[in-house]
Amino acid sequence: MDLEQALNKIVELSREELHIVRKRAEEKTPARDHGQDYHEMLRAADQLDHHAHLLRRLHDGEFGKDWRHDSREDHG
């Protein structure tokens with residue numbers, strides 16, 4: 001996966017998760033309600049985190065080790 005593909009996937013998954021979050025907020029769905037949309041949101045969040053990790057590795061490969069400022073302490 002290259003940088004453009006990773007960024008496109010992150011945008012796609014972010015929009016998917018945001019759509020579900022907004023839908024749940026609009027419907028005032030309680031957090032304890034683990035219906036179909038909740039499981040879709042978990043799947044989207046998991047995939048988003050996975051692709052964010054890939055993007056981080058792509059950035060490190062492109063820019064080297066010591067380029068980070070704000071995200072220096074982000075571990076995961």
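User: How many helices and how many strands does the secondary structure of the protein come to?

Analyst: This is a predicted model, in which local features need pLDDT of at least 70 and side-chain atom pairs count only at pLDDT 80 or more, while totals for chains, interfaces and linings use all residues. Residues are numbered from 1 along each chain as its sequence is written, and side-chain values use heavy atoms, with hydrogens and water left out. Helices (H or I, at least four residues) and strands (E, at least two) are DSSP runs, numbered from the N terminus. Counted in this way, the secondary structure comes to 2 helices and 0 strands.

User: What percentage of the 76 residues do buried residues make up?

Analyst: A residue is buried when its relative accessible area is under 20%, exposed when it is over 50%, and partly exposed in between (1.4 Å probe, protein chains only). Of the 76 residues in the protein, the buried ones make up 22%.

User: How far apart do the centres of the positive and negative side chains lie?

Analyst: Lys and Arg count as positive and Asp and Glu as negative, whereas His and the chain ends are not counted. The place of a charge is taken as NZ of Lys, CZ of Arg, CG of Asp or CD of Glu. The protein has 13 positive and 18 negative side chains, and the centres of these two sets lie apart by 3 Å.

User: Which residues does Ile 10 touch, not counting residues up to four places away in sequence?

Analyst: Ile 10 lies in helix H1 and counts as buried because its relative accessibility is 15%. The C-alpha atoms of Ile 10 and His 51 are 41 residues apart along the chain, yet they are separated by 6.3 Å. With contact meaning heavy atoms within 4.5 Å, and with residues up to four places away not counted, Ile 10 touches Leu 48, His 51, Ala 52 and Leu 55.

User: Is Lys 28 buried or exposed?

Analyst: Lys 28 has its place in the loop between helix H1 (3–26) and H2. Most residues other than glycine have a negative phi, whereas phi of Lys 28 is near 55°, a positive value. Because its relative accessibility is 70%, Lys 28 counts as exposed.

User: With which side chain does the side chain of Asp 37 make a polar contact?

Analyst: Asp 37 is found in helix H2 and is buried, since its relative accessible area is 12%. Leaving out residues up to four places away in sequence, Asp 37 touches Ile 20, Lys 23 and Arg 24. A polar contact is a pair of N or O atoms within 3.5 Å; within protein, one must be able to donate a hydrogen and the other to accept it, and residues adjacent in sequence count only if both atoms are side-chain atoms. The side chain of Asp 37 makes such a contact, at 3.0 Å, with the side chain of Arg 24.

User: How far apart in space are Arg 56 and Asp 37, C-alpha to C-alpha?

Analyst: Arg 56 lies in helix H2, and Asp 37 is also found in helix H2. Arg 56 and Asp 37 are 19 residues apart in sequence, and in space, C-alpha to C-alpha, they are apart by 28 Å.

User: Which side chain makes a polar contact with the side chain of Arg 68?

Analyst: Arg 68 lies in the segment after helix H2 (36–63), and it is buried because its relative accessible area is 11%. A polar atom of the Arg 68 side chain lies 3.4 Å from the backbone oxygen of Arg 56. At 2.8 Å, the side chain that makes a polar contact with that of Arg 68 belongs to Asp 60.

User: Which backbone oxygen does the side chain of Trp 67 reach?

Analyst: Trp 67 has its place in the segment after H2 and counts as partly exposed because its relative accessible area is 28%. The side chain of Trp 67 makes a polar contact with the side chain of Asp 60 at 3.1 Å. The backbone oxygen that the Trp 67 side chain reaches, at 3.4 Å, is that of Gly 64.
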